[in-house]
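Thanks, everyone, for making the time this morning.

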Amino acid sequence: MKTIDGNAVASKFRARLADEVALLRADGRDLALAVILVGDDPASAVYVRRKVEQATEVGIRSIERRLPTSLSEAELVQTIAELNADPAVTGILLQLPLPRHIDSGRILNLIHPDKDVDGFHPMNIGRLANGTGGIIPCTPLGCILLLETVVNDFRGKHAVVIGRSNIVGKPMSLLLLERGCTVVMTHSQTRSLPEIVREADIVIAAVGRPEMVRGDWIKPGAVVIDVGINRVERDGKRRLVGDVEFAGMAHADAVTPVPGGVGPMTIACLLANTVRAGKAMGPNAVAYGDFNFR
Ligand code: NDP
């Protein structure tokens, strides 16, 4: 069984992005990612810091907007409108969760689809659904890139996606479908899940339940991508585990570990989306192209 090293793939990918950003700079084009953090949630602050650090590393300028929890929805709408209108801002990231008095769905829909580097805007989801490009949500994009390191030809493969969230499961299914897989989407109401998973050549687990996918659910030779991030207590220590029982995967062809699998790719794909959005804007705009990640 091969362990797919997300840190190594992400690092190689960031190096390529840095080259691309340098070429854009030489062409007089500056990329700027606006990062909005509302409130003082410590986990969100850590995520934002990591994103800003990695953006800086590849040469993307960050514009941080740290806003108080007391901010009104109208004020946040105004901030988004300003960033949408600012030609110097090529990408906008709104760190979730937002304080409860703010309707995140409404606010996310106000980010201009061409600057929506998270790929959550209905326009981008629609573009993905009808196969006309657009910005792809970062986590499923990262999963596809990891899959592409071990799967040569997706056509006709049986893929089972566990989880149907708007940010992972649904876009993941669309990406696999686009590549010619036969996709089964499963969720909490699915009956006989282990039997369904046993048919799969590719398994994507995006559930949020520690080690739910057991070794005996996996067909020999399958590729398993574990999106889950679960904090558990083991032997008196706090640990991160995925949705997949990693120790039971010896007969799989390849598996992503947790941590060090999908996680690092998610941020790298945020940077890739920022580069892609920036390239598609301005006087020397380049059309959205397919990534070639090999
Ligand atoms: P959601 O909670 O939004 O969705 C979970 C999905 O799992 C739902 O569709 C739910 O079904 C399904 N589900 C729950 N229980 C079962 C079950 N027993 N059997 C089958 N399906 C089940 O989570 P997300 O999609 O946002 O995230 C999933 C996991 O991925 C989490 O652990 C999260 O932390 C992690 N994550 C990791 C990222 C990374 O960068 N590595 C990024 C994003 C998420 P139903 O719809 O019926 O309720």
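What you see here is a predicted model, and in it the ligand is surrounded by 21 residues, of which the closest are R164, S165, S188, R209 and T266. If we ask how that shell is made up by residue class, it divides into ten nonpolar residues, nine polar ones and two charged ones. As for where the shell comes from, helix α9, which spans residues 262-279, supplies the largest share, namely three residues.

The side chain of R164 places an N or O atom 2.7 Å from an oxygen atom of the ligand, and for the side chain of S165 the corresponding distance to a ligand oxygen is 2.5 Å. I229, on the other hand, takes part through its backbone, with an N or O atom lying 3.1 Å from an oxygen atom of the ligand. As to how much of the ligand is covered, the ligand taken alone exposes 920 Å², and the protein buries 70% of that.

The residue I wanted to turn to is V52, which sits in helix α2, residues 42-58. Is V52 buried or exposed? Its relative accessibility is 13%, and because the cut-off for buried is under 20%, V52 counts as buried. Leaving aside neighbours within four places in sequence, V52 is in contact with V35, S62 and E64. Of these contacts, S62 is ten residues from V52 in sequence, while their C-alpha atoms are 6.2 Å apart in space.

Methods:
Residues are numbered from 1 along each chain as its sequence is written. This is a predicted model: local features need pLDDT of at least 70, side-chain atom pairs count only at pLDDT 80 or more; totals for chains, interfaces and linings use all residues. Side-chain values use heavy atoms; hydrogens and water are left out. A residue is near a molecule or strand if one of its heavy atoms lies within 4 Å of it. A polar contact is a pair of N or O atoms within 3.5 Å; within protein, one must be able to donate a hydrogen and the other to accept it, and residues adjacent in sequence count only if both atoms are side-chain atoms. Accessible areas come from the Shrake-Rupley method with a 1.4 Å probe; for residues, only the protein chains shown count as cover. Helices (H or I, at least four residues) and strands (E, at least two) are DSSP runs, numbered from the N terminus. Ala, Val, Leu, Ile, Met, Phe, Trp, Tyr, Cys and Pro count as nonpolar, Asp, Glu, Lys and Arg as charged, and the others, Gly among them, as polar. Buried means under 20% relative accessible area, exposed over 50%, partly exposed in between (1.4 Å probe, protein chains only). Contact means heavy atoms within 4.5 Å.
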